[in-house]
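Please look at the sequence and the structure shown below, and keep both in view while reading.

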Amino acid sequence: MQDGTVDDFFIENRTFDEMIVGETASLSHTVTQRDIDLFAVATGDVNPAHVDPVYAETDMFHHIIIHGMWGAGLISAVLGTRLPGPGTIYLGQELRFLHPVSIGDTMTAKVTVREKKPAKSDVTFDCVCTNQRGETVITGTAYTRAPTVKVRRPRVSLPYVRVGRHDGMRAILDRAASGTPVKTAVVYPVDAASLQAAVDAAAAGLIVPVLIGPAARIQAVAQSIKADISTLRLIGAADGCAAAEQAVALARKGEVALLMKGDLHTEELMHAVVAPETGLRTARRISHVYLMDVPDYSRLLLITDAAINIAPTLQEKVSIVQNAIDLAHMLGIVQPCVAILAAVETVSSKMRSTIDAAALCKMADRGQITGGLLDGPLAFDNAINVAAATEKGIVSPVAGRADILVVPDLEAGNMLAKQLSFLAGAEAAGIVLGARVPIILTSRADSAGARLASCALAVLMARSVVAVSA
């Protein structure tokens, strides 16, 4: 009889001759959200009873439950790894599902040898799955062809699998889509990605696009992506610079409340935005923020500045920090934790970033920066990981809990944001703050989801400005 104990390094079977009728083996697992996500991704089973909390509240169980066949998979795991184990051939399975399994439940799958058939080494098993309360969840019968040769193998290490949930960004999209679409000047959308982003944002109820650029090229692109733009306003402009100037003029007249970058260089767009007499400057320093939904981080993360200010001075960083704090407030973060990043955690006269960090913290103490809780200098690991901060002996309400990361310069911010996007599976929304209207600033490498998220963030900003003005 097997008690479920497994060798951590080896996996060994029970041959047909070794098994006896009545012999059992079992395996237990506590269900997590990750289990549901992995099963849904692997099988494509996105039944809303398993993956949509809003829908699940309306069904018979009133909450998310895991897929029934996940439990059947636990039975399969016992048969394939414990009894009989390696070399087993699964011939068939009968199952009855008697009770739902929820996140936090501990499921135990147990198999018992019912019958052995020597002619072909076939073995029939009674199967039962129970939860931590002793309730029977699944019953059934498994039919197998048992191994006849003894097998003992090193246990294979499974690959690390990241499940990328972006619930924070999804909430922002839902919030933005629930209001009136915002008129948006789409500057030079002469490539498929930028025009598709505008069309998608319009279809999602986020914006009313005003397309600015060479009409023939835009219409040709629309035809290539099979997008109907016949109902959209289209303003002719010969090139990117002219389109940017037209867009800025519309914003100054109040005809649009957002600008959205198309297929032109950021410098071309921003040149028109910061023009002294005809641009969109305010008393604030213009800066860029990436809002990032990182699957392995427990909160939304704002990174600034990664696209506008190349090597900001201390005074410019004051505005950069304040812009990010104000954006965090708009997102509902009452007192954002602001980590001023550097390579080390101590102030050094040889590293300007550490001196700036210390000065910014003292300026916050004196009320020159308001609305956030600042600390720095902090290295990246100490800013976002409590254990790393504890290991370094850092005592701080910000360390390990940062909502905002303030980088030393544009190069550091750009590299950090792209590493999180391309290596950590983050979904990013990019926005320019400090001008008269929010500016949706996306990269050519951005996914369709990132472009849509950027639109949603800008829409919320535009509406908040209107609400404050009212």
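## Helix α1 and the glycine after it

In helix α1, which spans residues 33-43, the buried residues are Asp35, Ile36, Asp37, Phe39 and Ala40; here buried means under 20% relative accessible area, exposed means over 50%, and partly exposed lies in between, all with a 1.4 Å probe and protein chains only. Helices (H or I, at least four residues) and strands (E, at least two) are DSSP runs, numbered from the N terminus. The buried residues of α1 pack against β2 (24-30), α2 (48-51) and α4 (68-81), where contact means heavy atoms within 4.5 Å. Gly44 follows α1, and its phi is positive, near 80°.

This is a predicted model, in which local features need pLDDT of at least 70 and side-chain atom pairs count only at pLDDT 80 or more, while totals for chains, interfaces and linings use all residues. Residues are numbered from 1 along each chain as its sequence is written, and side-chain values use heavy atoms, with hydrogens and water left out.

In helix α9 (residues 266-273), the residues Leu269, Met270, Ala272 and Val273 are buried. They lie on the same side of α9 because they cover an arc of only 155° around the axis, the arc being that of the directions from the helix axis to the C-beta atoms. The face turned away from this buried side carries Glu267 and His271, which are exposed. Among the elements that cover the buried residues of α9 are β8, α8 (240-252), β11 (258-261), β17 (427-433) and β18 (439-440).

## Strand β13 and its partners

Leu301 and Ile303 point one way from β13, whereas Leu302 and Thr304 point the other way, and all of them are buried. Strand β12 (residues 287-293) runs antiparallel to β13 and is joined to it by three bridges; two strands pair if DSSP finds at least two bridges between them. In this pairing, Met292 stands opposite Leu301 of β13.

With strand β16 (residues 404-406), β13 pairs in the parallel sense, again over three bridges, and the bridge partner of Ile303 in β16 is Leu405.

## Cis peptide bonds

The peptide bond that leads from Thr304 to Asp305 is cis, with omega near -5°, and Asp305 itself is placed in the loop between β13 (301-304) and α10 (314-330). A further cis peptide bond runs from Gly376 to Pro377, where omega is near 5°, and Pro377 is found in strand β15 (residues 373-378).

## Two loop residues with positive phi

Tyr188, in the loop between β8 (182-187) and α6 (192-203), has a phi near 60°, a positive value in a residue other than glycine. Lys226, in the loop between α7 (215-224) and β10 (233-235), also has a positive phi, near 55°, and is likewise a residue other than glycine. Is each of them buried or exposed? Tyr188 counts as buried because its relative accessible area is 11%, whereas Lys226 counts as exposed because its relative accessible area is 77%.

## Met461 in helix α15

Met461 has its place in helix α15 (residues 448-469), and it is buried, since its relative accessible area is 13%. Leaving aside its neighbours within four places in sequence, Met461 is in contact with Leu327, Met330, Ile431, Leu433 and Pro438. The C-alpha atoms of Met461 and Ile340, which are 121 residues apart along the chain, are separated by 24 Å.
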